Number of protein chains: 2
Amino acid sequence: MSIDIKAVTMTFGKTTALDNISLKLEENKIYGLLGRNGAGKTTLLNLITNRIFPSNGEILLDGEQVMENDRALSKIYFMTETNFYPEWMTVRKAYIWTKEFYPEFDAEYAASLSEKFSLSTGSKIKNLSTGYQSILKIIISLASNAPVVLLDEPVLGLDANHRELFYKELIRAYSERPRTIVISTHLIEEAADIIEEVVVIKDGRLIMQDQVENVLSKGYSVSGTATAVDSFVRGKKVLGVDTLGGLKTAYVLETPQKDSLPEGLEISRLDLQKLFIQLTN
Amino acid sequence: MSIDIKAVTMTFGKTTALDNISLKLEENKIYGLLGRNGAGKTTLLNLITNRIFPSNGEILLDGEQVMENDRALSKIYFMTETNFYPEWMTVRKAYIWTKEFYPEFDAEYAASLSEKFSLSTGSKIKNLSTGYQSILKIIISLASNAPVVLLDEPVLGLDANHRELFYKELIRAYSERPRTIVISTHLIEEAADIIEEVVVIKDGRLIMQDQVENVLSKGYSVSGTATAVDSFVRGKKVLGVDTLGGLKTAYVLETPQKDSLPEGLEISRLDLQKLFIQLTN
């Protein structure tokens with residue numbers, strides 16, 4: 001299922017949360033939706049799932065209007081930061097409940113994931129820690145088998161082992177049954193390995209949409225003494241710099257040309273998180 | 001100020017949260033307290049700050065018992081996951097309030113950090129997002145100027161830019177005024193650069209305490225075809241393996257000897273997070 005966001009603007013009172021965003025998300029791809037806190041990511045996900053309505057523009061799911069289109073919406077599973085299960089509910093009950101809305105929900109898979117993540121299915125949701133609330137939502141998202149899965153901060157509060165398990169299970173579920181996945185996360189470097197395409201929002205505007213490998217091949221960082229770095233990057237497109245004592249690292253958004261590198265300077269590959277920080281600072 | 005944890009055991013009903021832990025934290029060092037969710041990290045921090053009392057053993061601050069020792073406790077600032085400021089309070093008021101308990105609290109520094117993190121000091125604490133609740137607590141911790149600062153999941157909900165800013169400010173504050181800092185975090189790889197010594201707890205037991213650079217020089221990972229890797233690591237101390245199709249990576253806890261490496265295999269440096277995952281899985 002593809003998602004077509006057409007010239008969408010969203011204002012809350014005097015605040016423009018999203019400003020004329022146009023964006024096409026293709027079927028069966030894994031997207032990373034990146035942006036700083038407050039950039040408008042959650043607003044965009046809420047619009048796609050018709051929880052709020054755009055001030056301008058429209059959103060199409062496989063060419064159909066999302067507004068008041070229950071058939072289309074039942075194909076999207078949205079894992080939000082806010083908990084929308086009643087607090088008294090047990091994990092087991094939440095699985096049964098989900099199946100009412102998502103008939104393709106795979107209860108057996110959910111049970112096996114619960115075991116892998118050591119989530120006790122008899123626990124009440126309100127008694128789960130931040131990490132286990134995330135785990136519950138991750139499990140339901142993966143087992144929902146919805147053609148579109150939107151994940152908002154899926155790894156909040158998870159320890160490193162559980163994050164790794166989540167990334168592995170996501171890839172496994174995706175390869176067995178491809179679907180459109182949008183991951184909004186602040187742990188960019190970890191997610192970089194599983195994201196195919198990156199969408200970057202800054203202050204409500206779309207500032208980048210590209211394949212991860214394209215993005216990374218387009219830039220590099222160069223380090224050395226401040227004087228040497230400054231003279232090397234003169235005239236180049238510099239995103240930003242870091243300094244540490246007399247040393248400097250510059251982040252350059254151009255294809256690197258190693259042969260022309262003066263002695264004493266070192267070139268490194270950009271990582272997605274560093275690039276993001278420089279783009280959005 | 002040094003912290004001496006002597007044979008501490010902590011039981012809650014039938015659960016042993018900490019099992020005979022002995023650990024010395026030296027003055028003016030930065031420690032990383034690592035462990036999976038539920039390993040006992042927060043229990044240990046609560047014991048150090050006398051919020052709970054050990055079932056067995058004792059804790060000394062500069063040689064003095066921590067129990068019922070208000071003078072010693074006023075030297076420790078503990079940033080917890082739980083919010084202990086009244087919800088109606090504004091950020092500005094929280095700063096004033098902190099100065100009552102921590103006379104060394106630097107209000108000017110707190111104000112300048114608030115600006116850097118774009119935290120509006122007129123906001124009510126209850127209206128702050130998860131990320132900004134963390135930011136408020138980070139600012140108070142850094143500005144407290146307490147000789148001991150304990151940080152429990154300081155970067156929860158922070159975006160990548162704010163996490164980077166936090167690590168930089170922590171290093172800056174530490175170099176201007178050294179203090180004992182304990183950081184408990186799940187974002188191990190990011191924190192690895194600022195941690196001097198690592199303390200790893202697993203199921204309530206201390207399983208490692210060492211300099212980060214020592215830990216990393218003691219191990220390596222080796223990748224290649226499963227057959228080649230298996231035959232190479234035979235007889236070596238293997239922590240764990242990852243497999244991907246016919247390829248395998250083994251994590252070895254020995255000093256690497258590059259000259260003896262068969263063709264087709266590749267050796268990499270361990271990173272702290274990978275090592276941690278293998279140690280605690």
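This is a predicted model: local features need pLDDT of at least 70, side-chain atom pairs count only at pLDDT 80 or more; totals for chains, interfaces and linings use all residues.
View 1. Helices (H or I, at least four residues) and strands (E, at least two) are DSSP runs that are numbered from the N terminus. Helix α5 of chain A covers residues 130-143, and its 14 residues should span 20 Å at 1.5 Å a residue, which agrees with the 20 Å between its end C-alpha atoms; the expected span is 1.5 Å times one less than the number of residues. After α5(A) comes Asn145(A), which has a positive phi near 55°.

**View 2. Helix α6 of chain A.** This helix takes in residues 160-176 of chain A, and its 17 residues should span 24 Å at 1.5 Å a residue, in agreement with end C-alpha atoms that are 25 Å apart. Twelve of the 17 residues of α6(A) are buried, and the helix is thus mostly covered. Among the buried residues of α6(A) are His162(A), Arg163(A), Phe166(A), Tyr167(A) and Tyr174(A).

**View 3. Leu113 in chain B.** Leu113(B) lies in helix α4 of chain B, which comprises residues 107-116, and with 0% relative accessibility Leu113(B) counts as buried. When neighbours within four places in sequence are left aside, Leu113(B) is in contact with Ile139(B), Leu142(B) and Glu169(B), where contact means heavy atoms within 4.5 Å. Leu170(B) is 57 residues from Leu113(B) in sequence, while their C-alpha atoms are 11 Å apart in space.

**View 4. Two loop residues with positive phi.** Asp203(A) belongs to the loop between β9 (197-202) and β10 (205-211) of chain A; its phi is near 45°, a positive value in a residue other than glycine, and at 61% relative accessibility Asp203(A) counts as exposed. Glu153(B) belongs to the loop between β7 (148-152) and α6 (160-176) of chain B, and although Glu153(B) is not a glycine, it has a positive phi of about 50°. At 8% relative accessibility, Glu153(B) counts as buried.

**View 5. The two chains and the axis that relates them.** Chain A is superposed on chain B by a rotation of 180° with 0.0 Å of shift along its axis, at an RMSD of 0.0 Å, and the two copies are thus related as by a two-fold rotation axis. The C-alpha of Leu156(A) is the one nearest the axis in chain A, at 3.6 Å from it. The superposition is by least squares on the C-alpha atoms of residues with pLDDT of at least 70 in both copies. Of the interface residues of chain A, 100% are also interface residues in chain B, so the copies meet through the same surface.

**View 6. Chain A as a whole.** Chain A contains ten helices and 14 strands, and its C-alpha atoms fill a box of roughly 65 × 45 × 35 Å along the principal axes. Of its 281 residues, 54% count as buried.

**Notes to all views.** Residues are numbered from 1 along each chain as its sequence is written, and chains are lettered from A in the order in which they are written. Local features need pLDDT of at least 70 and side-chain atom pairs count only at pLDDT 80 or more, whereas totals for chains, interfaces and linings use all residues, and side-chain values use heavy atoms, with hydrogens and water left out.

Terms used: Buried means under 20% relative accessible area, exposed over 50%, partly exposed in between (1.4 Å probe, protein chains only).
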